[in-house]
Amino acid sequence: MKPSPSSHQDENDVDSEEKEQGTEIEVNEEALPSRAAAIHEEIRQDGEKELERDGMALLWSAIAAGLSMGASLMAKGIFQVHLDGLPGAFLLENLGYTFGFVIVIMARQQLFTENTVTAVLPVMHKPTLGNVGLLLRLWGLVLLGNLIGTALASLAFAEMPIFDDATRQAFSAISQKVMENTPGEMFANAVISGWIIATMVWMMPQAGATKLIVIVMMTWLVGLGDLAHIVVGSVEILYLVFTGQISWYEFIWPFALPTLLGNITGGTLIFALISHAQIRNDMSEAAKEEAKAKQREAKQQEKQR
């Protein structure tokens, strides 16, 4: 019988084969069947650490991320005002969309769409009720914190005398463009953005010194495609709420619920499942080869006797 948890940290321990065996997750590429398997295991290791973190630490980090995401709307709005009429303005304007992501990811703050991939891999590896509970706890705390942070950023932009009228009008124009989508379009756009963010997370372990370029490249693509993202979009749509242009109900529907479901679908149900299925097959084949090698070794030992 397993001992009962003796501390808060023990209650948050992820169930895994490695913990049962008292070993660490293998991330050495030479010891694994493929480079993709090494990336998968490194991300799964990070996922376990996130799932086991203290709840208040997760919440505060998520609030900080929500505030940081305000930089995307701020930069995009300022760029729109000052680049108006210039050739290529659309491309440069959407470069501003990347600012919040750069801050959040480089500062290691908790962003909901990152965790739809990282934290879900330990659950796919061992889908126990305990692991599912830890995943839902993480998602709930991070989403709550992100929304609190985005609300604070939007409220500051709306109420504090920071920006001139032209920039405020740019904020409204950017946000109103998001609201032109139907719920179905919100969901479809969010599926693609969830996929792109998941791809970015998958690239990070091998990015090295080019990490900043990867972040800018992938999130710029989200901005250029006018794709829906639950956290960045919340800054934009809540700005409309706080300036009295739309109601709270309109924030929830048609924006928040379809976008949230789309991001989860693109980042988790599609990307993470397919990636995990690929690696699971690699690992199972490696396990079969190891078992065959042990059988051959046992037969040779018997012959020698």
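**Close-up views of a predicted model**

**View A. Crossing of helices α5 and α14.** In this predicted model, helix α5 (residues 70-82) and helix α14 (residues 230-242) have axes that come within 8 Å and cross at roughly 65 degrees. The two helices, α5 and α14, are therefore roughly perpendicular to each other, since angles of 65 to 115 degrees are classed in this way. The crossing of α5 and α14 is right-handed.

**View B. Residues at the contact of α5 with α14.** From α5, the residues G70, S72 and L73 take part; their partners in α14 are V232, V235, E236 and Y239. By residue class, the contact of α5 with α14 comprises four nonpolar, two polar and one charged.

View C. Residue N189 is located in helix α12 (residues 183-207). The relative accessible area of N189 is 18%, so N189 is buried, the cut-off being under 20%. Leaving aside residues up to four places away in sequence, N189 touches N181, D226, L227 and A228.

**View D. Spans annotated as transmembrane region.** The UniProt record, an unreviewed entry, places the feature "transmembrane region" at residues 57-79, 85-107, 134-158, 186-205, 212-232 and 252-274. For residues 85-107, the model gives 70% helix and 0% strand, with the end C-alpha atoms 35 Å apart. Residues 252-274 are 100% helix and 0% strand, and the end C-alpha atoms of this span lie 30 Å apart.

Technical notes
Residues numbered from 1 in each chain as written. Predicted model: local features only at pLDDT ≥ 70, side-chain atom pairs only at ≥ 80, totals over all residues. Heavy atoms only, no water. Axes fitted to C-alpha atoms, helices over the stretch in contact; angles between N-to-C directions. Helix = DSSP H or I, 4+ residues; strand = E, 2+ residues; numbered from the N terminus. Parallel < 35°, antiparallel > 145°, perpendicular 65-115°, else oblique. Left-handed = near helix turned anticlockwise from the far one by under 90°. Contact = heavy atoms within 4.5 Å. Nonpolar A, V, L, I, M, F, W, Y, C, P; charged D, E, K, R; others polar. Buried < 20%, exposed > 50% of the residue type's maximum accessible area, 1.4 Å probe, protein only. UniProt positions renumbered as here; feature names shortened; annotations may be inferred.
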